[in-house]
Every structure is written in structure tokens, then in C-alpha cells.
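This briefing is intended for a reader who is new to the structure. Please consult the sequence and the structure alongside the text.

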Amino acid sequence: MKKRIGIFGGTFDPIHLGHLIVAETLMDEFSLDKVVFIPAAVPPHKLGQEISDARHRYMMTMLATCSNPGFQVSDMEMKRTGPSYSHDTLAELIREHGRETEFYFIVGADSVASLHTWNRIDELLSMCHFIGASRPGCMPDMADIRRRFGPLAEKIHCLETPELEISSTDIRERIRRGRTVRYIVPEAVEQYIYKERLYL
Ligand code: ATP
Ligand code: MG
């Protein structure tokens, strides 16, 4: 059987339990050999927005995932300059692993809805599958996806996963207002946020 690797790209500013539950559930449902979390150095959809240093986001992703033997973290997007396009990341991964490995790009339902805005999405869909996880308040419109992508829509799979109404935006806001984020992020991530005085 071909090796199956899950790719989880994101800003992870900070990583939270919503991300971890999605990754674990999809790793299980799609029999993935592992999930590689890839913090985006320069997220193309967030240009002009203030985001934390990639080094902090990478460290928090490491802290959150280190106890799961199926999870890995890659700094490959941090080694490139310019916007972190998933297309370039997949091309690099295919060069590294060869065509014998199947790649499954993990996204939340909100990202599924905006896939048509991604850089070179048609080429990206020819390089990997997309697996979309449920997210509260977001319902991917499969008819719209089929209309936009035609036969390539077969590479987009949406799955019901346990829904958590958690976002990094809300966590940053809670920290700024001095509210608790306990049990929303892993304990080590919470401690790191306080130690590095992030989001104040
Ligand atoms: P922000 O509010 O800063 O955009 P976020 O919580 O959306 O942060 P991202 O780093 O932007 O987190 O998300 C990375 C990926 O994880 C995206 O594909 C997003 O859809 C997905 N995701 C994030 N939070 C959830 C969640 N609670 N449930 C399902 N998917 C999620
Ligand atoms: Mg987001």
C-alpha cells in the first residue's frame, strides 16, 4: 500500500485543541501514516495582518504535538522567502518522497470554502487530496465546489469531525483581555504564551 502523509498547514498563532482534534481524527479516518504540521512563515491570506514571529509559532506547534508519535512539525516553509504557498510546499515534498507517497492536505471547512482563491489551486489539487474537517458555523457547499473544480472536485473530501468553537483569533483576544485560555490550548502552549509575553 502507498504511504499516506497528512499535511497540516496553518498560521498556528497559536495552535489550539481544535487543530489537534482535527489532525488526530483525520489521521485515524484516512489511515494516515503521520501528520506533518507546517507553520506558514508568511501566510498568503494574511498579508498585512500582524502575526507572531514564525519561531514562536513553530515552538508552540512543537510543544503541542511532541507527545503524539504520529505528529511531526516541519520548518520547511520557514526556510523559504516570500509568501508560503502550499503549492511550493507540495512540490518540494513530492521531490523529497517521490510519487509513491500520497499526500492529504488537512483543512478546516472555512478553508474548503475559499480553496478557489489559493495560488495555483488546480495544480495543487493534481498533487494531493484535500480533506476538510467540520468547523462550527462553516458548511462547505459541495455543489459549488463541483461547479468550480469539475472532475478535480473528486480530490476534495469533507468529513464530519468533532466540532470545537475555538479559533486562534479568539485566543489572542482572550490573552489580551487577561482571560483564561486553560483547556483551549495545551498546557505547555499556555505556559509558553505567558513566558514569551505573546498577544499582549
Ligand atoms: P485565525 O483565527 O488566526 O485564522 P485559526 O483558528 O483559523 O486562526 P489557522 O492557523 O488559521 O487557525 O488554521 C489552520 C487550519 O486549521 C485551517 O485550515 C483552519 O480551517 C483549520 N482550523 C482552525 N481551527 C479549527 C477548528 N476549531 N475546527 C476545524 N478546523 C480548524
Ligand atoms: Mg484561520
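Tyr199 is located in the segment that follows helix H8 (187-195); helices (H or I, at least four residues) and strands (E, at least two) are DSSP runs, numbered from the N terminus. The model is predicted: local features need pLDDT of at least 70, side-chain atom pairs count only at pLDDT 80 or more, and totals for chains, interfaces and linings use all residues. Residues are numbered from 1 along each chain as its sequence is written, chains are lettered from A and ligands numbered from 1 in the order in which they are written, and side-chain values use heavy atoms, with hydrogens and water left out.

**Backbone features**

- Tyr199 has a positive phi, near 65°, in a residue other than glycine.
- Tyr199 is buried, with a relative accessible area of 12%; buried means under 20%, exposed over 50%, and partly exposed in between (1.4 Å probe, protein chains only).
- Arg120, which is not a glycine either, has a positive phi of about 45°.
- Arg120 belongs to the loop between H4 and helix H5 (121-127) and is partly exposed, its relative accessible area being 39%.
- Asp13 and Pro14 are joined by a cis peptide bond, with omega about 0°; Pro14 is found in the loop between S1 and H1.

**The surroundings of ligand 1**

- Ligand 1 is surrounded by 22 residues, and the closest are His16, Asp110, Ser111, Ser168 and Thr169; a residue counts as near if one of its heavy atoms lies within 4 Å.
- The shell around ligand 1 comprises six nonpolar, twelve polar and four charged residues. Here Ala, Val, Leu, Ile, Met, Phe, Trp, Tyr, Cys and Pro count as nonpolar, Asp, Glu, Lys and Arg as charged, and the others, Gly among them, as polar.
- At least two shell residues come from each of strand S1 (3-10), helix H1 (17-29), strand S4 (101-108), helix H4 (109-113) and helix H7 (168-176).

- A polar contact is a pair of N or O atoms within 3.5 Å.
- In the side chain of Asp110, an N or O atom is 2.5 Å from an oxygen atom of ligand 1.
- His16 places a polar side-chain atom 2.9 Å from an oxygen atom of ligand 1.
- For Phe12, a polar backbone atom lies 3.0 Å from an oxygen atom of the ligand.
- Of the 600 Å² of accessible area that ligand 1 has on its own, the protein covers 90% (Shrake-Rupley method, 1.4 Å probe).

Terms used: A polar contact is a pair of N or O atoms within 3.5 Å; within protein, one must be able to donate a hydrogen and the other to accept it, and residues adjacent in sequence count only if both atoms are side-chain atoms.
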